[in-house]
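Visitor: I am new to this structure and would like to learn how to read it. Could you walk me through some features, one at a time?

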Amino acid sequence: MAKQVDVVIIGAGAAGLMCAAQAGKRGRRVLVVDHGKKPGRKILISGGGKCNFTNYDVSAANYVCRNRHFVKSALSQYTQWDFIGLVGDHGIAYEERDHGQLFCLDSAKEIVEMLLRECDQPTVEQRYQCEVSEIEKTATGFSLRVNTEVVECASLVVATGGLSMPKLGATPFGYQIAEQFGLQRVPTCAGLVPFTLHTQDKTVFEPLSGIAIPVRAETESGVTFKENLLFTHRGLSGPVVLQISSYWHPGEAVTVDLLPDEDLPAALQAMRDKHPNQSLKNSLSRLLPKRLVEAMIERGDLEDKPLKQLDPKAIAALGTYFHQWRIAPNGTEGYRTAEVTLGGVDTDELSSKTMEAKKVPGLYFAGEVMDVSGWLGGYNFQWAWSSGFVVGNHC
Ligand SMILES: Cc1cc2nc3c(=O)[nH]c(=O)nc-3n(C[C@H](O)[C@H](O)[C@H](O)COP(=O)(O)OP(=O)(O)OC[C@H]3O[C@@H](n4cnc5c(N)ncnc54)[C@H](O)[C@@H]3O)c2cc1C
């Protein structure tokens, strides 16, 4: 005989656990299934083990989604203040870092333990190392196979996440379920991900690995972020690159202001007036890491000479070079290191108020599996909490 429950949730990650807790509070008989050995694996490794669980400042502007308005309803039904309240109720200590980002003071483990305590209800059952197959629509809901057992439910929640970090259990299963039920998908690619460089640039910049500088970066479509840029042995990373990667398209260049808080022509002119015999390399090295200046010279972009040989036109050209440094990435590091997946189940297929598929009553999506990706800064978890809560309230 088939096992009967009200709700099956596929995926015990951030969104799935939040949804299970909320559905359980409504007295729904919930079965959460995950193919992994344990819940919340991405939460555990997030934020360097401290989990950047939300942000003081959350709005639709912090999300990449083809329909920019879609996220508004869920974000207002369960806000960052609701989650901060929950964290406080569970006695978890946290701290604010730059840009309103909130991190656990002790460990990301506390967030998983909190969600598990919230799920610890008589009507909520969790099962791990489960393979789900044979999903079918029935007259009253859905039938599916969980390992060898047939389970029937009124509501099916897909909370299987995106494709990033396959070694943590990411699969395209959620997209396959959407496809099975005739729902469109926005093409997926890696987001919040480091850039790789063309061989020539890689060779020049590789020795700078580990150097970080504050910059302002801009995509060809005009999206800008001011954050740190980090040179790595593979290419470029750091918060500014992760943020901008979600708006970058293959083949495009990125414009980087390497001295966002300086007026380089004015600074060079002042140095020229005071020390006309000082070399350009040494002058620039007062403002930027010396190895970076040397790499620019090695790249053939600059010629080292005494400042007195620079006329106003040359000084202006140096200003343009450093304030609008253009670099064309070769690509990204892909899903292996990406924090999120851009694209996913098309939000036009879903109700923004309930996350239910418009043409398949009882089928819900929660979290990153949808075409919703947040900026770096706790926005992705906030989407998981908000969408998971909303689904848990309706499924
Ligand atoms: C390294 C890293 C650090 C991050 N740090 C942060 C951060 O600090 N702040 C932030 O806001 N965001 C962060 N993110 C993003 C954040 O982790 C995700 O956006 C969030 O976890 C998405 O929640 P989700 O529940 O939709 O998916 P997930 O948390 O990925 O959960 C999906 C679950 O579904 C399960 N699953 C997948 N396929 C199947 C299947 N076929 N059958 C059964 N189960 C399946 C998986 O095992 C997993 O448990 C980080 C991501 C990474 C990779």
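This is a predicted model: local features need pLDDT of at least 70, side-chain atom pairs count only at pLDDT 80 or more; totals for chains, interfaces and linings use all residues.

Visitor: What is the order of the strands in the open sheet with mixed pairing?

Guide: Read across that sheet and you get S1-S11-S10-S9, which makes 4 strands. Strand S1 (3-4) and strand S9 (132-137) each have a single partner strand, so one side of each is left without a neighbour in the sheet.

Visitor: And which strands form the open sheet with antiparallel pairing?

Guide: That sheet has 7 strands, in the order S19-S18-S15-S16-S17-S14-S20. Its edges are strand S19 (325-327) and strand S20 (331-332); each has a single partner strand, so one side of each lacks a neighbour in the sheet.

Visitor: Where could I look inside it, say at strand S16 and strand S17?

Guide: Go to residues 224-231 for S16 and residues 235-237 for S17: 2 bridges join these antiparallel strands. There, leucine 230 stands opposite serine 237 in S17.

Visitor: Let's turn to helices. What describes two packed helices?

Guide: The general idea is to give the angle between their axes and the distance between the axes. Here, take helix H1 (residues 14-25) and helix H5 (residues 109-119), which pack at about 25° with axes 8 Å apart. Angles under 35 degrees count as roughly parallel, and therefore H1 and H5 are roughly parallel to each other. Their crossing is left-handed.

Visitor: Which residues of H1 and H5 meet?

Guide: From H1 come Leu17, Met18, Ala20, Ala21 and Lys25, and they meet Leu115, Leu116, Glu118 and Cys119 in H5. Sorted by class, the contact of H1 with H5 has 7 nonpolar, no polar and 2 charged residues.

Visitor: At what angle do helix H4 and H5 pack?

Guide: Helix H4 (residues 80-89) packs against H5 at an angle of about 90°, and their axes are 10 Å apart. That makes H4 roughly perpendicular to H5. Phe83, Leu86 and Val87 of H4 make the contact with Ile111, Met114 and Glu118 of H5. The contact of H4 with H5 counts 5 nonpolar residues, no polar ones and 1 charged.

Visitor: Are H9 and H12 parallel or oblique to each other?

Guide: Start with the numbers: helix H9 (residues 264-274) and helix H12 (residues 312-323) pack at about 135°, with axes 8 Å apart. H9 and H12 are therefore oblique to each other. The crossing of H9 and H12 is right-handed.

Visitor: What meets what between H9 and H12?

Guide: Look for Leu264, Pro265, Leu268, Gln269 and Arg272 in H9; they meet Ile315, Leu318, Gly319, Phe322 and His323 in H12. The contact of H9 with H12 has 6 nonpolar, 3 polar and 1 charged residues.

Visitor: Stepping back, into which domains is the chain divided?

Guide: Domain 1 takes in 3-189 + 339-392, and domain 2 takes in 194-333. Taken over C-alpha atoms, the centres of domain 1 and domain 2 are separated by 40 Å. Their contact takes 5 residues from domain 1 and 8 residues from domain 2.

Definitions and conventions. Residues are numbered from 1 along each chain as its sequence is written. Side-chain values use heavy atoms; hydrogens and water are left out. Axes are lines fitted to C-alpha atoms, for helices over the stretch in contact, and angles run from 0 to 180 degrees between N-to-C directions. Angles under 35 degrees count as roughly parallel, over 145 as roughly antiparallel, 65 to 115 as roughly perpendicular and the rest as oblique. A crossing is left-handed if the near helix is turned anticlockwise from the far one by less than a right angle, and right-handed if clockwise. Contact means heavy atoms within 4.5 Å. Ala, Val, Leu, Ile, Met, Phe, Trp, Tyr, Cys and Pro count as nonpolar, Asp, Glu, Lys and Arg as charged, and the others, Gly among them, as polar. Two strands pair if DSSP finds at least two bridges between them. Domain bounds come from an automatic or database domain assignment.
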